[in-house]
Amino acid sequence: MGARVAGSQVSQRVADLRAHLLTLAADEGLPADRVHALDDADVAACADLPDDTLRAYLHLPERGQRMDAGQVPPEWGEPARRTCEGCGPVLLWPECPPVVKACPWCFRRKAGKAIPRPPVTCGDCRHYLPDAVNPDAGLGRCALGARRAYWPMKPHRCADWRAP
Ligand code: SF4
């Protein structure tokens, strides 16, 4: 009997949480299906979380889809150029430190998906071998391969750029 009462209390709590999530989803302009798709265990895990966290949670699938398509999530604000030790130059949120060991693009890159790259220049890359005659402006070489290097100050996208 006691167990049945406890079970119904849990069900009621999950129902209340789900109703609250539906309200938040509507407020965020998200489809109700996003809440209906959550199983009870996921909903129960939302207990005691602040609304800001729950709102962010409801946006997670959207964020994942955007990132899978190589787009920076808008909630990152103005994306900043950062260096991930795995990915190389990437766009991350502005509060991120200049160099990170891993980033949210890592597993997408490993899965062969396109990730957004900030422009870089060969001239300030550790792999750049400046032109012997005109090191500042002449066309040098890239230590990673022939015909890879650009003019030292020409912006371009390169996954192998690394700080000197
Ligand atoms: S091609 Fe890429 S790795 Fe090579 S020097 Fe330029 S930025 Fe660096």
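Domain bounds here come from an automatic or database domain assignment. On that basis the chain is divided into domain 1 (2–68), domain 2 (69–117) and domain 3 (119–164). The centres of domain 1 and domain 3, taken over C-alpha atoms, are separated by 50 Å.

This is a predicted model: local features need pLDDT of at least 70, side-chain atom pairs count only at pLDDT 80 or more, and totals for chains, interfaces and linings use all residues. Residues are numbered from 1 along each chain as its sequence is written, and side-chain values use heavy atoms, with hydrogens and water left out.

Begin with the helices. Helices (H or I, at least four residues) and strands (E, at least two) are DSSP runs, numbered from the N terminus. Helix H1 covers residues 2–27 and contains leucine 17. Leucine 17 has a relative accessible area of 12% and is buried. The cut-offs are these: buried means under 20% relative accessible area, exposed over 50%, and partly exposed in between (1.4 Å probe, protein chains only). Between leucine 17 and glutamate 78 lie 33 Å, C-alpha to C-alpha, for a separation of 61 residues along the chain.

Next comes a loop between helix H3 (40–44) and helix H4 (51–68), and aspartate 48 is found there. Its phi is near 70 degrees, a positive value in a residue other than glycine. Aspartate 48 is exposed, at 73% relative accessible area.

H4 has 18 residues, which at 1.5 Å a residue should span 26 Å; the end C-alpha atoms are 26 Å apart, so the two agree. The expected span is 1.5 Å times one less than the number of residues in the helix. H4 also bends by about 45 degrees at leucine 60, and proline 61 follows within four residues. That bend is the angle between axes fitted to the seven residues ending at the site and the seven starting there. Which residues of H4 are buried? They are Leu54, Leu58, His59, Gly64 and Met67. Just after H4, glycine 70 takes a positive phi of about 80 degrees.

Now the sheet. Strands of a sheet pair through backbone hydrogen bonds, either parallel or antiparallel. Here two strands pair if DSSP finds at least two bridges between them. The open sheet has three strands in the order E2-E1-E3, with mixed pairing. Strand E2 (88–92) and strand E3 (99–100) stand at the edges with a single partner strand each, so one side of each is left without a neighbour in the sheet.

Follow E1 (residues 80–84) through its two pairings. E1 and E2 run antiparallel and are joined by five bridges. In that pairing, arginine 82 stands opposite valine 90 in E2. Three residues lie between E1 and E2, and the two strands form a hairpin. On the other pairing, E1 and E3 are parallel over two bridges. Cysteine 84 has valine 100 in E3 as its bridge partner. How enclosed is E1, and why? Four of its five residues are buried, so E1 is largely enclosed by the rest of the structure.

Proline 98 is found in the loop between E2 and E3. Proline 98 is exposed, with a relative accessible area of 59%.

Glycine 138 counts as buried, at 9% relative accessibility. Glycine 138 and tryptophan 76 are 62 residues apart in sequence and 38 Å apart in space, C-alpha to C-alpha.

Arginine 147 is in the segment after strand E5 (141–142). The phi of arginine 147 is near 60 degrees, again a positive value in a residue other than glycine. At 85% relative accessibility, arginine 147 counts as exposed.

Last, the ligand. A residue is near a molecule if one of its heavy atoms lies within 4 Å of it. The residues around the ligand are Cys122, Cys125, His127, Tyr128, Cys142, Leu144, Arg148, His156, Cys158, Asp160 and Trp161. By class, this shell has seven nonpolar, two polar and two charged residues. For these classes, Ala, Val, Leu, Ile, Met, Phe, Trp, Tyr, Cys and Pro count as nonpolar, Asp, Glu, Lys and Arg as charged, and the others, Gly among them, as polar.
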